[in-house]
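Let's take a friendly walk through a protein model. Have the sequence and the 3D view ready, and look up each residue as we come to it.

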Amino acid sequence: MKVLLAVNNNKDLNYAITKEIASFLLSKKVSVILEDDIACQIPGTCSADSTNLGEIDFAIILGGDGTIIRKAHLYKNYGINILGINLGRVGCLTEGDPNNYKDVINRVLDGNYKVEKRITLGGNILRQNGESISLFAVNDIVLYRGERHKMIDINIKINDSNSTTFYADGVIVATPTGSSAYSLSAGGPLVYPTAKTFVITPICAQLKTITSLVVSSDDKISVSFRNKRVDDNNPCLEIDGKKSYQIDAGDKIEIFESKETLNIIKVNLEESLYEPIFKVTNTAV
């Protein structure tokens, strides 16, 4: 068996927990593959490359939800099943922590687990000049107003009809996984993680009657905006709270279901759906 071990090194100083888990895996006769920045520090392991990444059985990711999302971006083309060990604060996507990781890993090695295949977002920014930028998101794609405190006039179109326009600080298009993040804070619903739906949630809409819309993952979502005045600054498009792009008037954002999925290993099969969302540890984010 081959396992990829990936870590947020800001949450595991000197790789203490990583080394401990690597030693545990090696004692189980598991081949351990590590990312380049640490592979040379642990004897008996090897460095990840395009060849062995296609051969791994699952990945153990040490960190919080943000770490899992970043690694999901990095390894999205490999269809890797992810087991999260929480070194963060909440850990909605994780199954273990430094105190119980041996039991959690043993369950996976023994086959006592299931895999939740969660949908993700794909999309394109279609520039007026003909340029196209591909998008991928695990949690959400967010269009938000620029640096000046002015609302933007947003147009949402579902498929080839059902167009609506509203005035707001922005709009969030979230996956079921992302429904418990920014969208929930903005007043959106909590969606079952494996549902085949997307949530469209306005951010501080001018009219309180404008609320979240839940659509099928088969639907194609188009987002655009128009400036009220020539001196208005342009909004930004943010991907999973990290990568951002400036959006110009006349640009169009297409959003749809990506062919890649987020594959989360679950061993706590009797845990409440809502429990991970509200649990908080004493570990810093």
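## A buried salt bridge

Lysine 266 is buried, with a relative accessible area of 10%. In this predicted model, lysine 266 forms a salt bridge with glutamate 95, and their closest N and O atoms are 3.1 Å apart. The two residues sit in distant parts of the chain, 171 residues apart: lysine 266 belongs to strand 17 (residues 252–266), while glutamate 95 is in the loop between strand 5 (81–86) and helix 4 (101–109). Is glutamate 95 buried or exposed? At 4% relative accessibility, glutamate 95 counts as buried.

## Other salt bridges

How many salt bridges does a search of the whole structure find? It finds 8. One of them joins the side chains of glutamate 55 and lysine 2, at 2.5 Å from N to O. This pair also links distant parts of the chain, 53 residues apart, with lysine 2 in strand 1 (residues 2–7) and glutamate 55 in the loop between strand 3 (46–47) and strand 4 (58–63). Glutamate 55 is partly exposed at 42% relative accessibility, and lysine 2 is partly exposed at 29%.

Another pair to find is arginine 145 and aspartate 169, whose closest N and O atoms are 3.3 Å apart in a salt bridge. Arginine 145 lies in the loop between strand 8 (140–144) and strand 9 (152–158), and aspartate 169 in the loop between strand 10 (161–168) and strand 11 (170–174), so the bridge ties together parts that are 24 residues apart in sequence. Here arginine 145 is partly exposed, with 22% relative accessibility, whereas aspartate 169 is buried, with 17%.

Now turn to helix 1 (residues 16–27), which has 12 residues. At 1.5 Å a residue it should span 16 Å, and its end C-alpha atoms are 17 Å apart, which agrees.

Which residues of helix 1 are buried? They are Ile17, Thr18, Ile21, Ala22, Phe24 and Leu25. Seen down the helix axis, these buried residues fall within an arc of 160°, so they line one face of helix 1. Covering them are elements including strand 1, strand 2 (31–34), helix 2 (36–39), strand 4 and helix 4.

## Helix 3 and its cover

In helix 3 (residues 65–74), the buried residues are Asp65, Thr67, Ile68, Ile69, Lys71 and Ala72. What covers the buried residues of helix 3? The cover includes strand 1, strand 4, strand 5, strand 7 (132–137) and strand 17.

## Nonpolar cores

The largest nonpolar core has 29 residues, and Ile156, Ile221, Val223 and Leu237 touch the most other members. Strand 9 gives the largest share of this core, 4 residues. Apart from it lies another core, of 27 residues, with Val3, Ile21, Ile85 and Val267 among them.

Not counting residues up to four places away in sequence, isoleucine 156 touches Asn162, Ser163, Thr164, Phe166, Val171, Ile200, Ile221, Ser222 and Val223.

## A buried serine in a loop

Serine 179 lies in the loop between strand 11 and helix 5 (182–185). Its relative accessibility is 0%, so serine 179 counts as buried. Leaving aside neighbours within four places in sequence, serine 179 is in contact with Ala174, Leu184, Pro189, Leu190, Val191 and Val199.

## Cysteines

How many disulfides does a search of the whole structure find? It finds 0. Cysteine 204 is exposed, with a relative accessible area of 52%, and cysteine 46 is partly exposed at 35%.

## Positive phi angles

Most residues other than glycine have a negative phi. Asparagine 14 is not a glycine, yet its phi is positive, about 60°. This residue lies in the loop between strand 1 and helix 1, and asparagine 14 is exposed, with a relative accessible area of 66%. At the other end, helix 1 is followed by lysine 29, whose phi is positive, near 65°.

Aspartate 240 also has a positive phi, about 50°, although it is not a glycine. Aspartate 240 is found in the loop between strand 15 (236–239) and strand 16 (243–246). With 13% relative accessibility, aspartate 240 counts as buried.

Methods:
Residues are numbered from 1 along each chain as its sequence is written. This is a predicted model: local features need pLDDT of at least 70, side-chain atom pairs count only at pLDDT 80 or more; totals for chains, interfaces and linings use all residues. Side-chain values use heavy atoms; hydrogens and water are left out. A salt bridge is a side-chain nitrogen of Lys or Arg within 4 Å of a carboxyl oxygen of Asp or Glu. Buried means under 20% relative accessible area, exposed over 50%, partly exposed in between (1.4 Å probe, protein chains only). The expected span of a helix is 1.5 Å times one less than its number of residues. The arc is that of the directions from the helix axis to the C-beta atoms. Contact means heavy atoms within 4.5 Å. A disulfide is a pair of cysteine sulfur atoms within 2.5 Å. A nonpolar core is a set of buried Ala, Val, Leu, Ile, Met, Phe, Trp, Tyr and Cys residues joined through side-chain atoms within 4.5 Å.
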